[in-house]
Amino acid sequence: MRVHTLFVALVLALSVAPCRPAAASDEHPSFTELEQKLAELTAEIEGLRSQVVSLQERIRELEGASAEAAAEGELAALQAAAEQEAAAEQAAPEESEQPAFTAGALSLQSLNPEI
């Protein structure tokens, strides 16, 4: 878009330049000189367009690389969290369950003679 705007500005500047009043001793550029200048500017604009295209491709590559790096970073963070959780589970032994009551332990009348 900027290249197109630049091209339009250059063409307008060149089209207005010959219309300015010149001194009596100055000659107006010939038609062939104007064609040559237009060809030079057109070639320059084509060069700029190719640079813009290459820069756009480079931007896409960098955006893709940054997205891949972000995904890899997120994956690494998830793996680290999983490793920490696994290490914590291995380090902390499971608490043994409380022993089940047996029939003899349910009768505690011998401890309290008032009952």
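1. In this predicted model, Glu61 forms a salt bridge with Arg58 (a side-chain nitrogen of Lys or Arg within 4 Å of a carboxyl oxygen of Asp or Glu), and the closest N and O atoms are 3.5 Å apart. The two residues are three apart in helix 2, which means that about one helical turn separates Glu61 and Arg58. Arg58 counts as partly exposed because its relative accessibility is 45%, where buried means under 20% relative accessible area, exposed over 50%, and partly exposed in between, with a 1.4 Å probe and protein chains only.

2. The search of the whole structure finds two salt bridges, and another of these pairs joins Arg49 to Glu46, with the closest N and O atoms 3.0 Å apart. Both Arg49 and Glu46 belong to helix 2 (residues 31-91), where they sit three residues apart, about one turn of the helix. Arg49 is partly exposed at 34% relative accessibility, and Glu46 is likewise partly exposed at 40%.

3. As for the overall fold, the protein has three helices and zero strands, these being DSSP runs numbered from the N terminus (helices H or I, at least four residues; strands E, at least two). Of its 115 residues, 3% count as buried.

4. On the basis of the values, residues are numbered from 1 along each chain as its sequence is written, and side-chain values use heavy atoms, with hydrogens and water left out. Because the model is predicted, local features need pLDDT of at least 70 and side-chain atom pairs count only at pLDDT 80 or more, whereas totals for chains, interfaces and linings use all residues.
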